[in-house]
Amino acid sequence: MILFKLAYKSLLNRRASVLLTLLTIAISVMLLLSIERVRIDAKSSFSNTISGTDLIVGARTGDIQLLLSSVFRIGHTNNGVSWQSYQYITKQRGVKWSIPISLGDSHKGQAVLGTTLDYFKHYRFAKKQSLAFEQGQAFSSINEVVIGSEVASKLAYKIGDEIVISHGMGNTSFHHHDDNPFKVVGILKPTGTPVDKTLHVPLAAIELIHGGGHHDHDDHHDHSSHALVGHPKQITAFLMGFDSPLYTLQIRRNINQFKPEPLLAIMPTVTLKELWEMLAIIEKILLLFSFVVVIISLLGMLTTLLANLNQRRRELAILRSVGARPWQLFSLISIESLLTTFLGCLVGCTLFYALMGTTAGYLQSQAGVSINISMLSDYELTLIGVIMAAGFIIGLIPATRAYFYSLSDGMSIKI
């Protein structure tokens, strides 16, 4: 205990240099933990976006491009799938359900998705969870809209509000359609996926937005599902579920060789894996970068300790003269480095939580990554353990020198 007290007092005595060392360790710990947390949560956010869907079908582009544009609303596809092909393919044997999706429009920077009621029935996210309504219900007529939780909170929309949807993606819209306002009839519960940032309208309404259809009022009160689908020429993509995995492979092959138009069918889980393999190199670089920062900060501590040691030979000699053993001096220096590393890790964890708290909203809205602000995982604790151990081992170098100094200097020092 006396050694701990001594170590603590001597750190206080040299607080300027100790604070600097402590800060570099803290910043490196914060970086390492942040990169790790974002990396792991990005993976789970991406894999949680779509679940229980066997195939995604769209115009022939790259596998990853189709996945990103249809599910994550990143980038866009230029071509679509003709309605005839959609109807033909989804009538095949073994098809359990299908969800047509039409993208490309936006409302105040939020994506607008045209679809059918099957979307609310069959779309699954995370671990096969269904979409649930916070308030209201699904659309039942052509000029109704169901909005995601984030759209509702960001734009302060409530059930019964009338909104105008424009043609075109992003904040720039080609022309507004004041003549056809949409009424908010449902608000979905938060999912942590792009669904939260989407406005869902009936397929037939997409034509209406593009000025394709002039619907009489009789049509508005026609609640049949046909009226909600309308007569689209084409859709962006569609999702499919099958009765058995055997059908998945067979129909996928048929779609990829489909004669009437060039289509592409992908299996979301397989394509996600490909995406991870592409991003693996970036992950490794980030990880390497954060480890290098940690090593540099620990080497900084070593340099400071060694530089201080030369100035402290007199102090060590005085401690010897009051009866300190060489091994106690060895322990004293080891404890100092351990304390510095420990405090550095503590401050680093605090900074990490502060950073995550401030950037979580931004990451969710910009990158669609929902950050899980929870206790440190076993893996993260292991990382901190490794840093502590490294700090301790590095501290043994100056401690050993102190030990030999005290043996050679004895109780007197020639200065």
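Where is Ile27 found? Hi everyone, let's start there: Ile27 sits in helix 2. Before we go further, please keep in mind that this is a predicted model.

First, the overall picture. The protein chain has 14 helices and 14 strands. Its C-alpha atoms fill a box of roughly 105 × 45 × 30 Å along the principal axes. The radius of gyration is 31 Å, while a compact globule of 415 residues would come out near 22 Å. Of the 415 residues, 49% are buried. As for contacts with a separation of 6 or more, 79% of them join residues 24 or more positions apart. The chain exposes about 20,900 Å², and carbon and sulfur atoms supply 63% of that area.

Now back to Ile27. Ile27 counts as partly exposed because its relative accessible area is 42%, which lies between the 20% limit for buried and the 50% limit for exposed. Ile27 also belongs to a nonpolar surface patch of about 540 Å², together with Leu23, Phe342, Leu343, Leu346, Val347 and Leu351. Which helix gives the largest share of this patch? That is helix 13, with five residues. Helix 2, covering 15-49, and helix 13, covering 326-367, each supply at least two residues.

Let's finish with Thr53, in the loop between helix 2 and strand 1. Is Thr53 buried or exposed? Thr53 is buried, because its relative accessibility is 9% and the cut-off for buried is under 20%. So who are its partners, leaving aside neighbours within four places in sequence? Thr53 is in contact with Trp97, Leu239, Met240 and Pro268.

How values were computed:
Residues numbered from 1 in each chain as written. Predicted model: local features only at pLDDT ≥ 70, side-chain atom pairs only at ≥ 80, totals over all residues. Heavy atoms only, no water. Patch = residues over 30% accessible without salt bridge, like charges linked within 9 Å, V, L, I, M, F, W, Y side chains within 5 Å. Areas by Shrake-Rupley, 256 points an atom, 1.4 Å probe, with all protein chains shown as cover. Salt bridge = Lys/Arg side-chain N within 4 Å of Asp/Glu carboxyl O. Helix = DSSP H or I, 4+ residues; strand = E, 2+ residues; numbered from the N terminus. Buried < 20%, exposed > 50% of the residue type's maximum accessible area, 1.4 Å probe, protein only. Contact = heavy atoms within 4.5 Å. Rg over C-alpha atoms; globule rule 2.2 N^0.38 Å.
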